[in-house]
Amino acid sequence: MGQITRADALTDVAGLRVGHARVPGDRALSGTTVVLAPEGGAVAAVDVRGGGPGTRDTDALDPRNLVQRVDAVVLTGGSGYGLDAVSGVMAWLEEQGRGFRVGPDPAQVVPVVPAACLFDLGRGGDWRARPDAATGRAAVEDAARTEAGAPVAEGGVGAGTGAVVGALKGGVGSASVVLDSGITVGALAVVNAVGSAVDPLTGVLYGRYFGGRVDYPAAEVHEAAQRRLDEARKETERRSAGFARPPLNTTLAVVATDAELTRAQAQKLAGTAHDGLARAVRPVHLLTDGDTVFALSTGTRPLLTETPEPVFAAHVGATALNEVLAAGADALTRAVVKAVLAAEGFDGPGGAYPAYRDLY
């Protein structure tokens, strides 16, 4: 299926940049992540499968609608309040003259910035510590400052600052692959799920079962880890008694490729990428998750390097697209694993969330 790329991150798709920002404050545990498209935008699509999503401008991505390209994608904490971060991203893009042209003056643009939020309210102890326009601007400025192909910061950064997965600390992870055709496919995940990333029978990350050799923790290590998780879960319930008690979460992701895709093909990529999420988190797509995957195509490489005979065109085209679809799901599985491995434990007024690497 190809080889892992240089940075093993979404930014290996040439032209894409990723930036993070955190909400300031000692009792704040939230933030925003921005995926910045190259100038001129990227073809985009979305697939929402969780039962409790919070999104903005996702209807614009319907292939039947007018706008063809997006300028950035915002992933943010703060639940619905955190969608305020989008206005800061739009303001920065407008200043750069980037967006959908709506008037004779080149400055008359409306940036197209779809967004989705996850639930992390109160996890740092301050219920009102949420991303706002300033957080969004800081995240997009962080993205713009990065070099082309720069590694993506992982773990408890940006939208993953307050993320949790089951009773463990979650966060941001990214992965990518170059197919034999030369096409690059990458994924970025913000792992914040009601379900677990860990097999309770073995202690192995679910996503590891799909990536070659599996190292099983010793039985005594796994038993000790389970005891610590139970203790952390009870302590979190005690500390968060004044906040939301139901397991409200949401995992967000962006899957991208430099292959030239139509919007309908990009939508298929967003949909099949959910298979990669389902391999790494169980259960998934619950009523209290808002699991959402965006797909981006920068379109710098043709899907087919040669024009097939007309009688075989549909078959050859489907085969080439299938390779991209499969790689997107695989990259998202690895991105979830990397997010959990990169996360650092948190123990504060909003709860106790140990890191996987501390337990195993």
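This is a predicted model: local features need pLDDT of at least 70, side-chain atom pairs count only at pLDDT 80 or more; totals for chains, interfaces and linings use all residues.

Biologist: Okay. Is Asp 8 buried or exposed, then?

Modeller: Asp 8 has a relative accessible area of 13%, so it counts as buried. Its phi is near 50 degrees, a positive value in a residue that is not glycine.

Biologist: Where does Asp 8 sit?

Modeller: In the loop between β1 (3-4) and β2 (17-22).

Biologist: What about phi of Asp 57?

Modeller: Positive as well, near 60 degrees. Asp 57 is in the loop between β5 (55-56) and β6 (69-70). With a relative accessibility of 38%, Asp 57 is partly exposed.

Biologist: Switching topic. Which peptide bond is cis?

Modeller: The one joining Arg 282 and Pro 283, with omega about -15 degrees. Pro 283 belongs to the loop between α4 and β16 (292-301).

Biologist: And α4 itself, how many residues does it have?

Modeller: Helix α4 covers residues 263-280, which is 18 residues. From first C-alpha to last it reaches 27 Å, close to the expected 26 Å.

Biologist: Which residues of α4 are buried?

Modeller: Among them are Arg 263, Thr 272 and His 274, along with Ala 273 and Leu 277.

Biologist: Now the inside. Which residues touch the most other members of the largest nonpolar core?

Modeller: Val 185, Val 255, Leu 303, Val 324 and Leu 332, out of 48 residues in that core. Helix α5 (residues 313-342) gives the most to this core, twelve residues.

Biologist: What does Leu 332 touch?

Modeller: Leaving out residues up to four places away in sequence, its contacts include Ala 273 and Leu 277. Both of those are on the buried list of α4. Leu 332 also touches Val 255 and Val 293, among others.

Biologist: What lies apart from that core?

Modeller: Another core, of 28 residues, including Ala 44, Ala 116, Leu 118 and Val 172. As a rule, nonpolar side chains in soluble globular proteins tend to be buried together.

Biologist: Which residues form a nonpolar patch on the surface?

Modeller: Leu 66, Phe 100, Val 102 and Val 110. Together they have about 370 Å² of accessible area.

Biologist: Why does Val 102 count as exposed?

Modeller: Because its relative accessibility is 53%, and the cut-off for exposed is over 50%. Val 102 is in the loop between β8 (100-101) and β9 (109-110).

Methods:
Residues are numbered from 1 along each chain as its sequence is written. Side-chain values use heavy atoms; hydrogens and water are left out. Patches are made of residues with over 30% relative accessible area and no salt bridge: like charges are joined within 9 Å, nonpolar side chains (Val, Leu, Ile, Met, Phe, Trp, Tyr) within 5 Å. Accessible areas come from the Shrake-Rupley method with a 1.4 Å probe; for residues, only the protein chains shown count as cover. A salt bridge is a side-chain nitrogen of Lys or Arg within 4 Å of a carboxyl oxygen of Asp or Glu. Helices (H or I, at least four residues) and strands (E, at least two) are DSSP runs, numbered from the N terminus. Buried means under 20% relative accessible area, exposed over 50%, partly exposed in between (1.4 Å probe, protein chains only). The expected span of a helix is 1.5 Å times one less than its number of residues. A nonpolar core is a set of buried Ala, Val, Leu, Ile, Met, Phe, Trp, Tyr and Cys residues joined through side-chain atoms within 4.5 Å. Contact means heavy atoms within 4.5 Å.
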